[in-house]
Amino acid sequence: MTKTGQGIAVRKSLSLDARYAIVGAILIAPTVLILSTVIVYPLVSAIYLSVFSIYTPTMEGEFVGLANYTRLLGSGEFWRSLLNNMIWTAGTLSLQIVFGILVALLLHRKLIFRALARSLVLFPYFLSTVVAVLVWRWMLNDLYGVLNHMLMWARIIDMPVDWLGSMPNAMISLIFIGAWKYFPFVVIAVLARLQSIPDELYEAATIDGAGPFARFTDVTLPQLKDVLIVIVLLRTIWDFKEFDLIYLLTGGGPIIATQTLPLMVYKEAFALNQMGGASAVAVLMMLIMLVFMTLYLRKSGD
Amino acid sequence: MQTGHSIWRRILFNVFAWTVVLLISFPLLWMILTSLKPQSELFLIPPTILPSEITFEHYQRLLTETPFLTYLRNSLWLAAGTTAVVIVVAALGAHSLVRFSYPGRERLARLVLFTYLLPSVVLIIPLYLFMIRVGLVNTLASLIIAYTTFALPYALWLLRSFMAAIPVDLEAAALVDGASRMRAFIDVILPQALPGIISTALFTSILAWNEYLYALVLVNSDEVRPLTTGVMSILITSFNIEWSLLMAASVMMSVPLIVIFVFLQRFLTSGFGAGAVKG
């Protein structure tokens, strides 16, 4: 592409192409260096740590082979956390997709102050998770929270409900708040795609006698298919590894009823001081995520 | 008749759509309203919607009686530091990935995308042990280093898509005129890429501003805590939870985001997918 300069370049000992390749390599070198230090090295050492038994305060390690893994796979807690992780991911992801598409369709149509409406809808995604959690914990407060009052006023419930401290409420609350926080991502991506669907497709469908619903299923959905696949893969990865929201809302509780794998890693490492065991959980979690990551990388490579 | 009918339909649609929008943003509204109410008003049953009297006492107390300003200073340093490091490195890297050819270039680009998807909890244990070993634990520097794990792949990927959109001819013309590759980069590419660089910098600073997990693990004293873990520690250490104070803190934490958000409207689509959702 940029070989235009080649013709007039004075050839020294190296060809221009080779010299350009060296410049290119020098420019990318800082990136490679940093990523090797902060990502590749930790990644390798997480795998290495997972075959040791390390008690944090003393930092003394002992090689234990696959003992950490066999202990995990034989423990109910690991499987429970994995199950929780899948329930949370599937639940919040499906809500995000459904809300996201519906709201995107709403915001795609003519609406007064549409730019403002879009900003208001998208903002939760920008918000710090800490802020989102504080607001929701205040709204869900069992004594003074506005949600219980509104529901009691509407006579949907007649006693204040404990939203975060009991099951299945805690998991349902998590799933809904997660959907509230992350559905704008779906809205942004779907809106961008909607704007590029040619009007002729809708006109043709209308002439063929398609109603609004048929136009959605026959024109809009097929057009959205590709972008939806990418969104689902990306959000699966991100929801699966979510830590902040769950840790701050329920801390994995009551007991371990909402504990997902990232929370288990944190607990093993920094509450129980078992770095080896924690690394083993992290590595197993990575292996599961690798499936989705590979699918996504392949998909975005086309 | 026909027009009258369609006007009603449009009004109805507008009312419906705005009801949905306001329901979605209700938590944000509630945050602002709570922060302006006197503490005693929070415990009224039934709760008031609008404050009976507007008070700024919580904001004042937040700034004078809590370490909020220290947290704020730390967060600003973190956002600025992370962004500065990441933007310089990523701009050079993105230029290399877009305009140079060498063996392994494509594989490297995919690897960067891969690292962007990695969960922080996998990296955090080795990073924590590493920070202890080099004596950086409990410093802002340790957080800036940790933040590059997600900020650098993100910025690189985003800048790559911005830079790929710059026409090749401009650089080629400069090269024909005898400019070196680096001169052409500084004189031709950088000015063209400036809007992309600025928006990438803003997105990156938001990521750093909102980060929680690394700050939770790597830092444990008020002197170096950023806003995210700092405000949570106000919640945890308080004897009885003062929600209006916490809502005031939440509003203050969100103001910079609102400013950046308004500024970034145009770039939202590219910024959030990090070039990944191209549809």
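Reading chain B from its N terminus, the elements run α-α-α-α-α-α-α-α-α-α-α-α. That comes to twelve helices and zero strands, where helices (H or I, at least four residues) and strands (E, at least two) are DSSP runs numbered from the N terminus. Before going further: this is a predicted model, in which local features need pLDDT of at least 70 and side-chain atom pairs count only at pLDDT 80 or more, while totals for chains, interfaces and linings use all residues. As for labels, residues are numbered from 1 along each chain as its sequence is written, and chains are lettered from A and ligands numbered from 1 in the order in which they are written.

Chain A, by contrast in its make-up, has twelve helices and two strands. Its pattern along the sequence is α-β-β-α-α-α-α-α-α-α-α-α-α-α. The radius of gyration of chain A is 25 Å, well over the 19 Å from the globule rule for 302 residues, so chain A is more spread out than a compact globule. Here the radius is taken over C-alpha atoms, and the rule is 2.2 Å times the number of residues to the power 0.38.

The table sets out some overall values for each chain. A residue is buried if 20 or more other C-beta atoms lie within 10 Å of its own, exposed if 12 or fewer, and partly exposed in between, with C-beta atoms placed from the backbone.

| Chain | Share buried | C-alpha span along principal axes |
|---|---|---|
| Chain A | 40% of 302 residues | about 85 × 70 × 30 Å |
| Chain B | 47% of 279 residues | about 75 × 75 × 30 Å |

Contacts tell a bit more about how the chains fold back on themselves. Two residues are in contact if their C-beta atoms, placed from the backbone, lie within 7 Å. Among contacts between residues at least 6 apart in sequence, 67% in chain A join residues at least 24 apart; for chain B the figure is 77%.

Next, the domains, whose bounds come from an automatic or database domain assignment. Chain A splits into domain 1 (3-41) and domain 2 (69-301), with C-alpha centres 42 Å apart. Chain B gets domain 1 (2-55) and domain 2 (59-273), and their C-alpha centres are separated by 34 Å. Seven residues of domain 1 of chain B are in contact with seven of domain 2 of chain B.

Where the chains meet, chain A puts in 78 residues and chain B 76 residues. Helix 1 (residues 16-49) of chain A supplies the largest share of the chain A side, 18 residues. By class, that chain A side has 62 nonpolar, twelve polar and four charged residues.

On to the core. A nonpolar core is a set of buried Ala, Val, Leu, Ile, Met, Phe, Trp, Tyr and Cys residues joined through C-beta atoms within 7 Å. The largest one holds 159 residues, and A:Val187 and A:Val281 touch the most other members. Helix 6 (residues 140-164) of chain B gives the most to this core, 17 residues. Leaving out residues up to four places away in sequence, A:Val187 touches A:Gly100, A:Val103, A:Ala104, A:Leu107, A:Val121 and A:Leu122.

Helix 5 (residues 129-139) of chain A is worth a look too. Eleven of its eleven residues are buried, so this helix is largely enclosed by the rest of the structure. Among them are A:Trp136, A:Arg137 and A:Trp138.

An α-helix has 3.6 residues a turn, so residues three or four places apart point the same way. Just after helix 7 of chain B, B:Gly178 takes a positive phi of about 95°.

Finally, A:Tyr69 sits in helix 2 (residues 67-73) of chain A. It counts as partly exposed because it has 18 C-beta neighbours inside 10 Å. A:Tyr69 and A:Gly276 are 207 residues apart in sequence and 9.7 Å apart in space, C-alpha to C-alpha.

Terms used. Ala, Val, Leu, Ile, Met, Phe, Trp, Tyr, Cys and Pro count as nonpolar, Asp, Glu, Lys and Arg as charged, and the others, Gly among them, as polar.
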